[in-house]
Amino acid sequence: MTRTLITSAIPYINGIKHLGNLIGSQLPADLYARYLRARGQEVLFLCATDEHGTPAELAAAKAGKPVAEYCAEMWAVQAELAKGFRLSFDHFGRSSSPQNHALTQHFAERLADQGLISEVTEQQVYSNADGRFLPDRYIEGTCPNCGYDKARGDQCENCTKQLDPTDLINPRSAVSGSTDLEVRETKHLYLRQSKMRERLSDWIDSKTDWPILTTSIAKKWLNDGDGLQDRGITRDLDWGVPVMRGDQTWPGMQGKVFYVWFDAPIEYIACAVEAVEEGKISDWERWWRTDKGADDVRYVQFMGKDNVPFHTLSFPATILGSGEPWKLVDYIKSFNYLNYDGGQFSTSQGRGVFMDQALEILPSDYWRWWLLSHAPETSDSEFTWETFQQDVNKDLADVLGNFVSRITKFCRSKFGEAVPEGGAYGDQETALIADLEKRLTTYQAHMDAIEIRKAAAELRAIWVAGNEYLQSAAPWTAFKTDPDRAAAITRFALNLIPFYAGLSAPFIPDAARAMAYAMGSDLAWPKSPAMNTLPGGHAFTVPDVLFAKIADEDREAWAAKFSGTRS
Ligand SMILES: [Zn+2]
């Protein structure tokens, strides 16, 4: 049996993610993981927080906390929000874990042994007052281009000009404000990606089934200009994985850490090691080592398009370059961007709806359905409050929710709270079964191919087919003249509810569970649409309202509330 390893791009630690981040990796990864599990596959679904680097240090300083404490707190916040959105990770790890430290140091040693690490001497700004080298964005000064007095050493936020720290007028440390700065020599390790170019190129060329969005980005980085460049993997920072050659000190590299881009993807592996040590799974090597069983694993990654270069080139360079039998990714599902109401979601500007805010106003199923059915697969897509209200009200309340409510209430009033036994299925039912058979096959094919919008459209069509059936079979009319016929229609329609619950669970897990629970049935993927799961006499209850409609005044209030930046 196929086993599937699924990873979502790991969210950065410096704050709560917005809905654009959510639909760009974690949510579609969860949909796929839930689907495969429902189909009986063994799945390992991993995600983690990406905790190292300068932005984490800056965010911690802004919060007035030691960086380790800040990261531990933000990990807990992100883990709780993931639960709120029902993201079904088998483990939600941390790139700062001891397991990732050890693996990152291991890979560096292996790469050095294979001749793929070089040492490069560079000039970098050192702050005497702070006793440390300063990354470019830790240096502030006046922009030589526009005169803005808080320009950073990498870029002026005011005029967007790219800068070098030495361009700044009156440069000072962003840490302490000290102007006692000097340029010093410092040594760094580089990953010789240029030596890996042929191997990476052959590997990418072998991936003929990957989306064009993925391969075109990879090929651009491989071939544009001078081709794939060597890349620094170390930094003069305190917070990170200490530079070690395996478990040995690395001469000349004391006090330095690995660059966050190098250690973050290794956390995909370390996350599985963490899961074993926390007793969540029994073995990690059967997922990650092709010499220990991972040859049978299909590995699928989910990410936004901005993360594609790291996953198609940098991380594979690390894995392939090690010369060890690590599992490489089999399929990359990448996404364009979700925009917010005529502009971009922005974490730094607090623009858009963030995961915590979303759950404060509506249950997760509303967001999951809308975001997944509008996943930015082939192009960017846009969130507006109007389309959100319109689609949620129509798909979830008017179609699915109304169907469940209408037939269960009708049955209760005419036959009581048990599936009626009379009559037999006729031509109308046979025709709908045939139609649903085809639709089920189509839906599964889209889910297998991770074509999310198409899958959502097919699921919606399946819901609509039931609604149309109920409308045209009209058991409330039949009941007056032919109670047996009404009983058969009602039994058929009640049987659609567990069918819908099973198919809908990857998209809307809470509502699906409520539907199955009300019908006294297991939440399971349907084997066929024969509509005989619930026999005559089977007891059920009328569920609470599954989806309340979004009122105009709510939409207007939310649009106003989220029009500015979050405080
Ligand atoms: Zn400027």
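Q: At what angle do helix H1 and helix H13 pack, and how far apart are their axes?
A: In this predicted model, helix H1 (residues 19-38) packs against helix H13 (residues 427-448) at an angle of about 125 degrees, and their axes are 10 Å apart. That angle makes H1 oblique to H13, and the crossing of H1 and H13 is left-handed.

Q: Which residues of H1 and H13 meet?
A: From H1 come Leu31, Tyr32 and Tyr35, which meet Gln444, Met447 and Asp448 in H13. The residues of this contact of H1 with H13 divide into 4 nonpolar, 1 polar and 1 charged.

Q: How should I read the order of strands in a sheet, and which strands stand at the edges?
A: As a general idea, strands of a sheet pair through backbone hydrogen bonds, either parallel or antiparallel. Here an open sheet of 4 strands has the order S5-S4-S9-S10, and the pairing is antiparallel. Strand S5 (132-133) and strand S10 (231-232) stand at the edges, and because each has a single partner strand, one side of each is left without a neighbour in the sheet. Strand S4 (residues 117-127) is joined to S5 by 2 bridges, and Tyr126 has Phe133 in S5 as its bridge partner.

Q: Is Thr160 buried or exposed, and is Ala474 buried or exposed?
A: Thr160 counts as exposed, at 51% relative accessibility, whereas Ala474 is buried, with a relative accessible area of 12%.

Notes:
Residues are numbered from 1 along each chain as its sequence is written. This is a predicted model: local features need pLDDT of at least 70, side-chain atom pairs count only at pLDDT 80 or more; totals for chains, interfaces and linings use all residues. Side-chain values use heavy atoms; hydrogens and water are left out. Two strands pair if DSSP finds at least two bridges between them. Axes are lines fitted to C-alpha atoms, for helices over the stretch in contact, and angles run from 0 to 180 degrees between N-to-C directions. Angles under 35 degrees count as roughly parallel, over 145 as roughly antiparallel, 65 to 115 as roughly perpendicular and the rest as oblique. A crossing is left-handed if the near helix is turned anticlockwise from the far one by less than a right angle, and right-handed if clockwise. Contact means heavy atoms within 4.5 Å. Ala, Val, Leu, Ile, Met, Phe, Trp, Tyr, Cys and Pro count as nonpolar, Asp, Glu, Lys and Arg as charged, and the others, Gly among them, as polar. Buried means under 20% relative accessible area, exposed over 50%, partly exposed in between (1.4 Å probe, protein chains only).
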